[in-house]
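Reader: I'd like to learn how to read a fold from its coordinates. Can you walk me through one?

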Amino acid sequence: MKCRRVLLSALFVAFGLLCTMAQGGKTAYQQYIEQYHDIAIQQMLKWKIPASITLAQGLLESAAGRSTLATKGNNHFGIKCHGWTGATIYRDDDLQNECFRAYKSVYDSFEDHSRFLATGQRYRSLFKLKMTDYEGWARGLKAAGYATNPRYAESLIDIIRNYNLSQYDRAHSYDHTIVGYQQNKVPGGQPLHPIYIYNKNYYLYARQGDTFRSIASEIGMSYRRLARYNERDKKDAIAPGEIIWLKKKRTKAPKEFKNIQHVVQPGESMYTIAQKYGIRLKSLYKLNRLSPDYSIQVGDRLRLR
């Protein structure tokens, strides 16, 4: 399955522009790396794909997150629609008006990219390579037909070397804050929300003045969907400090809570507890064999999985 072709002339022009663009003293490439290196490490530990390769492909395919596919479809890896039943976006590529996959969030794009490589027959041989062999991975991706650009492998290798991305291939853990640097700001001058990972999901803490619409706009998601993920109405007010989940919550807490119960504290509700652990409210009631009209009491003990 071939992905987006990058013309050599356009590639070099874009690369030159990106290397000179800066905000707060950082180039667009550096900002992208700071924002997504932890999720690349997370994907590496889960799928055994070098983090350097994931980052280099994301940088190259999405023009450091600034391409139309990235800004309008959250597609950071140029993956086309073959075998895809989700949302789509159309752009000219090898042919006119070609179909590309579109995602609800950037994080879904990273996850689909990993799954695309790990489950694709043509990329199977790459997983026999050492995790630190980014050159072998880059050349293997080109040989397997990931892109039609004849210098695709060399471009990935150059990016990895120029930005020392191979350092992430030796990581054994990652900072659960995906976005935390203060140089990147949303319109109006506010820094981006730090985004955290928990219970195989992503979340952030709301700030004063946040709404589902403003948060969704920042992360590139429908505000209706964001509210639905948090089991709220899209017009609901959000209090500072509230946890806002960026994907559909899970039916139970992480495995470490198998034999641990939550003791209800003053001011807590079934909803705030469900939000704390990233559990769907309906599932929390079901786990504890409680009806939705049950009023919890301080000191109640709740199962979490």
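Reader: Okay, let's start inside. Which residues have the most contacts inside the largest nonpolar core?

Author: First, what we're looking at: this is a predicted model, where local features need pLDDT of at least 70, side-chain atom pairs count only at pLDDT 80 or more, and totals for chains, interfaces and linings use all residues. Residues are numbered from 1 along each chain as its sequence is written, and side-chain values use heavy atoms, with hydrogens and water left out.

Author: Now the idea: a nonpolar core is a set of buried Ala, Val, Leu, Ile, Met, Phe, Trp, Tyr and Cys residues joined through side-chain atoms within 4.5 Å. Buried means under 20% relative accessible area, exposed over 50%, and partly exposed in between, using a 1.4 Å probe and protein chains only. Here the largest core holds 62 residues, and Y146, L165 and L246 have the most contacts inside it. Helix α2 (residues 28-47) gives the most to this core, with 10 residues. Helices here are DSSP runs of H or I with at least four residues, strands are runs of E with at least two, and both are numbered from the N terminus.

Reader: What does L165 touch?

Author: A contact means heavy atoms within 4.5 Å. Leaving out residues up to four places away in sequence, L165 touches I33, S52, L55, A56, L59, I159 and I160. Apart from that core lies another one, of 13 residues, including A253, M270, I273 and I296.

Reader: How many helices and strands are there in the chain?

Author: The chain has 11 helices and 10 strands. Of its 305 residues, 51% are buried. As for contacts with a separation of 6 or more, 61% of those in the chain come from residues 24 or more positions apart.

Reader: How do I read a helix pair? At what angle do the axes of α6 and α7 cross?

Author: Two packed helices are described by the angle between their axes and the distance between the axes. Axes are lines fitted to C-alpha atoms, for helices over the stretch in contact, and angles run from 0 to 180 degrees between N-to-C directions. Angles under 35 degrees count as roughly parallel, over 145 as roughly antiparallel, 65 to 115 as roughly perpendicular, and the rest as oblique.

Author: In our case, the axes of α6 (residues 134-143) and α7 (residues 152-162) come within 8 Å and cross at roughly 150°, so α6 and α7 are roughly antiparallel. The contact is made by Y134, E135, A138, R139, L141 and K142 of α6 and Y152, A153, L156, I157, I160 and R161 of α7. The buried residues of α7 are Y152, A153, S155, L156, I157, I159 and I160.

Reader: And what is the angle between α3 and α6?

Author: About 45°, with the axes of α3 and α6 9 Å apart, which makes α3 oblique to α6. From α3 the contact uses S52, I53 and Q57, and from α6 it uses Y134, W137, A138 and L141.

Reader: Now loops. Where is N199, and is N199 buried or exposed?

Author: N199 sits in the loop between β6 (195-198) and β7 (201-205). It is buried, with a relative accessible area of 9%.

Reader: Which backbone oxygens lie by a polar atom of the N199 side chain?

Author: A polar contact is a pair of N or O atoms within 3.5 Å; within protein, one must be able to donate a hydrogen and the other to accept it, and residues adjacent in sequence count only if both atoms are side-chain atoms. For N199, a polar side-chain atom lies 3.0 Å from the backbone oxygen of K252, and one lies 3.1 Å from the backbone oxygen of Y277. N199 and K252 are 53 residues apart along the chain, and their C-alpha atoms are separated by 8.6 Å.

Reader: What about R232?

Author: R232 is in the loop between α9 (223-229) and β8 (243-245). A polar atom of its side chain lies 2.8 Å from the backbone oxygen of A237.
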